[in-house]
Every structure is written in C-alpha cells, then in structure tokens.
Amino acid sequence: MLLIHNGLVLTCNDKDQVIPGGAVLLKEDKILAVGSSEELSGRYPGAEKIDARGRVVMPGLINAHMHLYSTFARGMDLKTSEPPADFLEILEKLWWRLDNSLVEPKDIYYSALYAIIEGIQNGTTTIFDHHASFGLIDGSLDIIQEAALRAGIRASLCFESSDRHGKEASRAALEENVNFIEDIKPEEKSYLQGMFGLHASFTLEDSTLKEIGRLAAALEVPCHLHVAEGRADVRDSQRRGYENIGERLDRFDIWQPDTLAIHGVHLSREEYRMLADRDCLLVNNPESNMSNAVGAADLPAAAETGLALALGTDGYTTDMFESLKVAALLPAHQAEDPRLGGELARQMLFETNGKLASRAFGKKLGSLEAGAGADVIIVDYQAPTPLTSDNYFYHILMGMSGSRVDTTIARGELLMENREVKILDHGKFTEECQRQAESFWQRF
Ligand SMILES: [Zn+2]
C-alpha cells in the first residue's frame, strides 16, 4: 500500500471536493481511500508513504487525442522550397510524408516512448492515440503497445485507415486495426484498448467506409477520426453528393457510441446535434487548430446540442495543462466574449475526459475516490489565494503547468518521483532517441 499524505487534495470527483491536509491510499491499481491525513495515517500505519506537504495531489490527466508518431517532426527540415501554405499542404508536405517514412520499428518505438515519457513528466497517465505509419503498417500498433506497457500508462490505440496511399495500404490499415483489437487480452483491458481508426472522410472511399462501419460494429468498438478539420473535408463530402460529412459518415455507421470525432471545426449545428444523438464525443485540440490555421470550432454551439466535448493535444504538445489554457482562451477570443471558455475547458478536461476514459477502460478514472484507478499526480503548487471547491479550477488554469508536476503515478506504479523518471535511464534513452531521429531525418 502507498499513502500519499499531507497534500492539498483536489479530488475532481462529482462534488469537486478539496481536502487540505489530505491523503490518498493506493493498493496496486486501485484507490482504497481518500480522506484526511490524520485519519488514513492512523488506520494504515504500515503503508509506504509519500509526503506531499506544500504540494497539490490530483488525478492523472487524460489526453483524448494524441499522435505519438509525431515526435520526430520536432525541428525537422521539410526539405521543400516553399513552406506549406494551407492545411492540405501541411498534410502533403509534412504528415503524409512523415508517416510514409516511418519504416523501421525503432522509428515508431522511440517516437512513441519519448512522447509518452514527456507526457508522464507533464502529468498525463492516459492517452487516446491515433497512429499512422504507412511505411510500416503491419504490427505497428504492437510496437506502440510495447512502449505504453514499458512506460506503464493506459493507452487506447488505433491505426488511421486511409485510401491516400492506395488500395493495398488501405486494406493493411484496416487489418492492423482488426488484428490489434482482437489480440487484446481480457486481463489487459483496464489499461490497453483499441478503437477503429480512420484518417478523415476526404481520404476514404465509400467502399472503405462501408467496410469500416461493418468491422467496427462487429468488433463492438468506437471509431476515432478527424472530422471537418479543414474546409477541404467538407467540400469533399459535398462533391461526392452528400449533404455534409455528418450525413456521409452516418450512412456507413461510423458514428458508433463513444466514437471520437476530432476537431469538428467546420461542422454545422445540425451535425453537432447528430453526433450528440449518436452518443459520440467531439475532441477539441485548440493549439493544433491555431497552428494549422484551420479556424476554431463553435464549441458553445456544440455544447448547446448536448454534445460531449473532450480535450486532446493532437500531437502539438504533450502537456494537457497547456492545452487546457488555450482551450479556455480560444472560444472567448474568437467570440469576443470573456464569459466563454473557462467553464467549457473545465468540463472538457475534468469531466468529459474522465468519463471517456472510465468507459473505455472499465474503471473510474479522472477522479480521486475509493475504487477508482490508481492514477495520481503531485504538483508543486502553493496557492497565493484561498483555494476551494468553487475555484480550484482557476488555480489549475492560471497557476499550474506540466513542468510543475513532480510525481506521477499510473496504475499504482511510481513512474516519476521528484521529477526523476523511474521507468528507464532517461538520459541514455534520450540519446538513443536522438540517434534514431537523425537516421529518420536522413530518410525523410
Ligand atoms: Zn489528429
């Protein structure tokens, strides 16, 4: 048993309970109790202890949309005469070339493990990843699985099906999803899950969508796909004779319950309502949208339809605190209305992401309460003003960042303590990662 005591505990539970001088008791992958330090220390004198005095204890963070394969793009020369001028060119000149150049298992492994570890350093303990490596399709999800298991986090994985690299690659991508999902063992399902991955409507033919809808329903898994990220996606569905993307994907049963619709920047109110009716989630990635200059989703309109809004990073960052900050700013900035943003951002990260992960892994996550999964972080934060159940979110928003996380526990295991990564020799690993990245850059 491990007792984290003397901390300021932000439970993020249904009542947003805050416990000064609080404690969290863990046993393997389970929170046994949350309460006052005095009481829990008295009841469990033999437990191993972490003293969180002067620091904040809160649930491990959940990233609802990530691309672990994007690591080697950091600082990379695109080797083009003209930089990408719009979103489609960003895909063509960067991402589609990058994923086609991932040919060595080590490319995928180091990209994934680096980003997972950086996530751990920023307090992220659960990742919903969306993978592409058309240079190496078969077995690629097993490589990411290996990285996730080595690190000790929870991961939901998928391969982005697409017809953009031809029929054979498309078929292989579908098979990779099926094989990975079918191979997950029942005892692994509290930390390893699969979804059916699709790139986006505009790179998928009707016949492929039909096959994916059939397979996802047969496997009883949700889909994970980009939707209306750029206007090209919207125009493509109309060119094919559909009213909009929502209708096209609905025709092929892609809107399974719990399906993650990523971005939805250019969806209409009617499409948001359709997604809400199908029990799908819209995942917002504000920094990525701003970086790709694709616009911003009308999140207040989406929320009004009852659509659940979640928060991811889309590979732009591994720091959910950073994504939260921008998620709170962008809607207010866009609508020139300072009332928007804060509450929506809070709901995304501290309500919906938790619900999403709890359903996916069959275990309460995103909350410190008895019976929940043992994912806990300790943040080096001393509040300059009173911190209560009513205002704790604004302390997180304005005062915390990933670099202030000093201890990360996932599935009951200490992955980082006092900023020291415990999983592996971090210095040595980073050197190996750089060597692999250099080799990759030469091949790009
Ligand atoms: Zn994405």
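A residue is termed buried here if 20 or more other C-beta atoms lie within 10 Å of its own, exposed if 12 or fewer do, and partly exposed in between, with C-beta atoms placed from the backbone. The structure is a predicted model, in which local features need pLDDT of at least 70 and side-chain atom pairs count only at pLDDT 80 or more, while totals for chains, interfaces and linings use all residues. Residues are numbered from 1 along each chain as its sequence is written.

**Helix α14**

In helix α14 (residues 392–399), the buried residues are Tyr 392, Phe 393, His 395 and Ile 396. Helices (H or I, at least four residues) and strands (E, at least two) are DSSP runs, numbered from the N terminus. Viewed down the axis of α14, the buried residues fall within an arc of 160°, so they line one face of the helix; the arc is that of the directions from the helix axis to the C-beta atoms. These buried residues pack against β1 (2–10), β2 (18–27) and α13, where contact requires that the C-beta atoms of two residues, placed from the backbone, lie within 7 Å.

Two strands pair if DSSP finds at least two bridges between them. Strand β7 (residues 124–129) is joined to the parallel strand β8 (residues 154–157) by 3 bridges, and Thr 126 stands opposite Arg 154 in β8.

The crossing is right-handed, that is, the near helix is turned clockwise from the far one by less than a right angle. Among the residues making the contact are Ile 108, Leu 113 and Ile 116 of α3 and Ile 143, Ala 147 and Arg 150 of α4. By class, the contact has 13 nonpolar, 1 polar and 2 charged residues; Ala, Val, Leu, Ile, Met, Phe, Trp, Tyr, Cys and Pro count as nonpolar, Asp, Glu, Lys and Arg as charged, and the others, Gly among them, as polar.

**Individual residues**

| Residue | C-beta neighbours inside 10 Å | Class |
|---|---|---|
| Asn 177 | 28 | buried |
| Ser 133 | 26 | buried |
| Asp 279 | 15 | partly exposed |
| Glu 336 | 7 | exposed |

Asn 177 is located in helix α5 (residues 167–183). Beyond four places in sequence, Asn 177 touches residues including Cys 158, Phe 159 and Phe 196. Ser 133 occupies the loop between β7 and α4, and its contacts beyond four places in sequence include Tyr 69, Asp 99 and Ile 108.

Most residues other than glycine have a negative phi. Asp 279, not a glycine, has a positive phi of about 60° and lies in the loop between α9 (269–277) and β13 (281–284). Glu 336, likewise not a glycine, has a positive phi of about 50° and belongs to the loop between α12 (320–335) and α13 (342–361).
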